[in-house]
Every structure is written in C-alpha cells, then in structure tokens.
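Let's take a friendly walk through a protein model. Keep the sequence and the picture side by side as you read.

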Amino acid sequence: MNLAQQKRLSFAALMTGPILWWILVLLVPYVIMLMISFYSKQFPFHVPDFQFGNYLKIFDDPQYFQVLLRSLKISVLVSLVTFALAYPLTYYLVFKVRSHRVRMIIYVATIIPLWVSYLLRAYTWKTILGTEGILNSFLMWIGIIDEPISLFLYNQFAMVVTMAYIFTPYMVMPLFASLEKIPRNLIEASKDLGVGRMGTFLRVTLPLSVPGILAGFTFTFCLSFGDFISPQLVGGPYSNMISNVVATQFGIAMNWPLGSALSMIMLFIVVAIITMSDRFERAGRLDLN
Amino acid sequence: MANIVEIHNVSKTFGSVRAVEDVSLEIEEGEFMTILGPSGCGKTTTLRMIGGFEYPDRGRVLLGGEDVTDLPPYKRPVNMMFQDFALFPHMTVAQNIGYGLHIAGLSKSDTAKQVDEALRTIELSHKAASRPAELSIGQKQRVALARALVRRPQVLLLDEPMSALDAQLRGAMQVELKHLHEQIGLTFIMVTHDQTEALVMSDRVTVMDQGEIVQIGTPTELYDHPASPYVANFLGTSNILVATVREIISGTIVTDYGPNMIRAAATGKTPAVGARVMLSIRPEKLRLLAQDAIVPEDVNRLEGVISEQFFHGDSVRLSLDIGGDTPLVIHHQLSSSQGQGELPPAGQTVNIAVDPSSVTLFEDIADHEPEYRA
C-alpha cells in the first residue's frame, strides 16, 4: 500500500463515524417525516399514501394558518426586541469598555444563562410576571397598584419577554463577533475625514456589522419560531405556536401525517431564512483585513 | 516661515506605560518632517495627538497658531493616511475618496468632479467602481493618499506609509511621495521606524526614544553629527568604541583605544584627560590603506587584523580587530578596478585611515554604555 492509498484509507476511517451519524440521525428521520406528511389519517393511526391533503388542510383551516401567522409574528417581535436590547449592549462592550477583562466579564455574564436549563429560565419568568410575582409585589410596594394584576402573565407579551430574555445571548454572540472584527482605524479614518460620531456609526459601523445582525436575526427568529416551552409556560390560551400544534398532532390528536406536514412547512421556512441570510451575507462579504 | 504645527510639552500615559513624555516640536509650513524611532518610542502617539485620536494628559497642540487640543479629529484641518490604509471595505474606490467631501457640504456634482479629478491624478479612473479588496497594495495606497488629500488639509499625516509594501515598491513610493510633497508644497508629517525612509524623504527628522525627543535636525546633520550613540546607531550603522582621553591638543582630542591612538575633532565641550568617552565612526568613513600608503600627519592611521569578510555585492564589510574591546567594521566599496579577490584575506594585518572630523565623540558614557556592552 502506498502513501496515497494509506491516506485515503485513514481518511475514510475517520469519516465513517460522522457520515453514519449524519445519515441515521438526520437524513433518515427527515425522509421518514417527509413520507409520513403524505400519508392519510385513518383511525386509529395512519396508512401509507401519497396525497397533499395534509398540506391543503394547513392553509385551508384557519385554525392552523392562524397559528402559523402568529408564530411568525411572535418570532419577528422576539427578534426585534432582542436586537434592540443586544445591539446597544454589544456596541457598548466592544467600543466603550476599555478594559479587556471587564469586557470579557460582562460578555460571559451575558452568555452564561445558556448553561442554565432552558426550562428553568422560562419558569423564572412565570414567577416574575405572575400575580404573586416579583413585578406585582414591586408595583404594589411602590403604590402604583392596589392589588395584583394578571396582565403580565399568560399572554403574548409574556411570551415575547420570556423568549427575548432566553434568546438574547444568541443575538449578542454574532453581534459581538462582527463588531469586534471592525478595524478601529476605519472608525478613526471616518472621523479623520470630517464625519462625526453619528455619521460614522450610520455609514461605517452599522453597515459593517450587518453580517452579525443577519446571523443574530436568523438565530433568534428560527429559535423562537420552533419554541414550544414558553407558550406552554407563560403563553396562556391564545398563544399556541406552531410547535405546540405539532406536538399535539403527534401526541393527543394522534395525527402524525398532519404533524409531519406542519413540521415540513416549518423546516421549509427555517431553511429559506437561513439560505436567504447566507446569500445576503455572501453578497456583502467583505475583506476586513 | 511660520510654524503650521506646534506641540508644547505634551505627555501621554497609557495605564502605567509612559508613551510620550514632555515632547515639544515645531513644524514649519511646507516642511516634510519625519518622526523616527523604534516601536514603542512614542512616535505614533505623537502623530495621533496631532490628528486628534489621542488626547494628551498634559500640554497643548496648535495647528496654524490655533489651539486644537480639545477638538475632535473631525474638526481638525489635518488628514491622516493610516498604516494599513483604512479604506472602507463596503464602499467603492470612488465612494472612499468622496467620503469626506459630501460631509464638508459639497454638492453631489462637485463631489463627483473632485473625485474624478483625484482618480485621474492617481491614474485609477478605471477602478472607480472597484472595492478596495480588488486593488493591489500599491493601488490601495494611492487611494488612501487621494482620500486624505482630496479634502485639502493643512497638514498630511502619514503613519508608517510604507510598512505594507514590499522592498521594491517601497523604494518607488518613497520617490513618488517625495515628488508629491515637492509639487503640492503641503506640510507632511510622517512616522516611521525605517531610517532609510527618513533620510531619503525628509527635510527634517525628529528622532524619538522612550517617549522623548532625542534629536531634531536635517538628515545630514543627524547622520554626520548624531547627538548620542543611540542616534548614531539608529541612523545607519556606526562603530561605537569606548576609549580613554590621553590629551587635548588645540581642538583635537587624542584618545587611546587599545594599542591604537584615535584623534577626534573637538566640537562641543572638551572632556577631561583620563576620562572614558565613546567614539562613533561610520563604517564608510574608514579607508583601507595600501601597505605602503602615506597619509597626512593629521589623519588617524590605525592598524588591525582582518577577522572576517562579508560580501554585499557592490561592497564588502570587513571586521577588523584593532586590539580594543569591539572589532571595527569597515565598509569598503568595490569598483571596476578592484573586485573582492584583490582585498587582503582574513588574518592579514592592514592599515586603515579615518579623518578626525569623522570621529564623533560622546562624553556621557554612563548613559549609553550598558546598551553597547553586550
């Protein structure tokens, strides 16, 4: 066996594991899901078939279509709120905090909730926003309200707040990376050429952080779009998201074909968004060095 | 001529690092001033304080007689060419050049006209719509230069303008920048660590070391009359010898270096007899003598053994043991009549000559000796 053959063999040996994993855990389930999405529902389970009834039902039945729209709306809201919180914070961290250590401490403090169970973090907001919660107690203490109000919990507002809190790190991370990559001398060059702070931000810093903004929006949008814990914990009756419906179809309703079709549509939307953001990113990809 | 830039007793500390310490500098209108020094000597900080990118802890910065210490960079009539050019990667070449014009209140058509003109001057009209990433380094540099000049600043600041270029392009750009300076008559302030660059391009050079100015002068003054062994060694190379003063005879200081006697022309203060002093002799001021050559009485004649030869193509550097602590390096120019083969081989005893006026004597040996002992 010569060196080239040896190299090829060891490469094949190395790749077998990942490829098998990828096939078994990703490709096969997706194919199965795609197939089931064309099956028909037949009591008590389903039968193999090839028909588009499940997909048609999603767009026909306002019950499903409304949920789809609501999910999109909530995801966009969460992304916007997250962005509004994360951009100033990250900007401050990257450009205003002088000490590298302080910057890293604040950054890690922002990221660290990711190591805490998602469920726990979502649950925390239940105790903050509830009638017995901290927010109500505080408002009563400073005298704005006389008795607890139930406005804060079990609605879409609570969902957006909870998800925005949970997904903020996913916005901060790409923003931090892209802002940190902007060479300082570009900002200095802008000022040198007579452009003030605001102009420099709008014409140099912001355009150059677009890749981070795109990545952040993609993360937060896709994560909230697929979320089904927050709706259950803090969402209340009119806050079902698409994932909740999918979970119901595979569970209580025992309608796997419809659940699969819904999942395929979700998958399609998420892949479309990732592809678009990737395209944008490529089109605007810049050599910052 | 009037001073366009004046720096008065400026100091700047970063954390515990003293970057610039009580620096004062006056730069005349139309002058090409170079601030020269090794990295960390404070030259870039000084330049950045003129540009407004650093705020001095103490001292004032004046531009055209006006105190601009408290003005942000975007309100100062200076422009900077940045070390790695700092072209905006998301804008075209034309947009880069026109960036500062639009803000200055120029109409769109006037901006376009000036940008066109600038592009023609740097011969890059065909690259107007290109992104900086598509340009060669030399082209990038021209765009950066055009972008800084198009705003017609009172002073152009250049931060290590050649550091990104390769050796060949560097030589060409040095000449080009010098010509440009002569043509437009603008004040240029350049920062560099490259002594050749400083010597070739500047009207005057400011040498800095450890946050302080060591010497200011024309390239010739600095080269021929360095104020300290540090300057002597930073600008070009120099033989630094520690010798002992034997006697002082009417304007000439006679010293002993090993078995040899070296005379130096007295320029400043005269040292005491018996004092230890430092002598600085440029390698090219030392002449290799033929065995039977006769030199005038007032020229130093030294004897030594060739220890090594280094071939440099057009010249040879000889290392010569003349009996002192440090070997002497001689720069010997080869010519059509004499190739390397005709030079005496290593191990041979030779005579060399040097004029006393080419021997610079430094008194304050204590300040500098440790640096050269190793």
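Predicted model: local features only at pLDDT ≥ 70, side-chain atom pairs only at ≥ 80, totals over all residues.

Residues are numbered from 1 along each chain as its sequence is written, chains are lettered from A and ligands numbered from 1 in the order in which they are written, and side-chain values use heavy atoms, with hydrogens and water left out.

**Helices in chain A**

Two packed helices are described by the angle between their axes and the distance between the axes. Helices here are DSSP runs (H or I, at least four residues), and strands are too (E, at least two), numbered from the N terminus. Axes are lines fitted to C-alpha atoms, for helices over the stretch in contact, with angles from 0 to 180 degrees between N-to-C directions.

| Helix pair | Angle | Axes |
|---|---|---|
| Helix 3 (residues 62-96) and helix 10 (residues 210-225) of chain A | roughly 140° | within 8 Å |
| Helix 3 and helix 9 (residues 197-208) of chain A | about 100° | 15 Å apart |

Helix 3 of chain A is roughly perpendicular to helix 9 of chain A; the contact (heavy atoms within 4.5 Å) involves residues including A:Tyr87 and A:Tyr91 of helix 3 and A:Phe201 of helix 9. Angles of 65 to 115 degrees count as roughly perpendicular, under 35 as roughly parallel, over 145 as roughly antiparallel and the rest as oblique. Helix 3 and helix 10 of chain A are therefore oblique to each other.

**A threonine in chain B**

Is B:Thr187 buried or exposed? B:Thr187 counts as buried because its relative accessibility is 1%; buried means under 20%, exposed over 50% and partly exposed in between (1.4 Å probe, protein chains only). B:Thr187 lies in strand 8 (residues 187-192) of chain B, and its side chain reaches the backbone nitrogen of B:Gly30 at 2.8 Å. Among the residues that B:Thr187 touches, beyond those up to four places away in sequence, is B:Val155.

B:Val155 is one of the residues touching the most other members of the largest nonpolar core, which has 54 residues. Such a core is a set of buried Ala, Val, Leu, Ile, Met, Phe, Trp, Tyr and Cys residues joined through side-chain atoms within 4.5 Å.

**Two positive phi values**

Phi of A:Tyr154 is near 60°, and phi of B:Asn9 is near 45°. A:Tyr154 is found in the loop between helix 6 and helix 7 of chain A, whereas B:Asn9 is in strand 1 of chain B.

Conventions
Polar contact = N/O pair within 3.5 Å; in protein donor to acceptor, adjacent residues only side chain to side chain.
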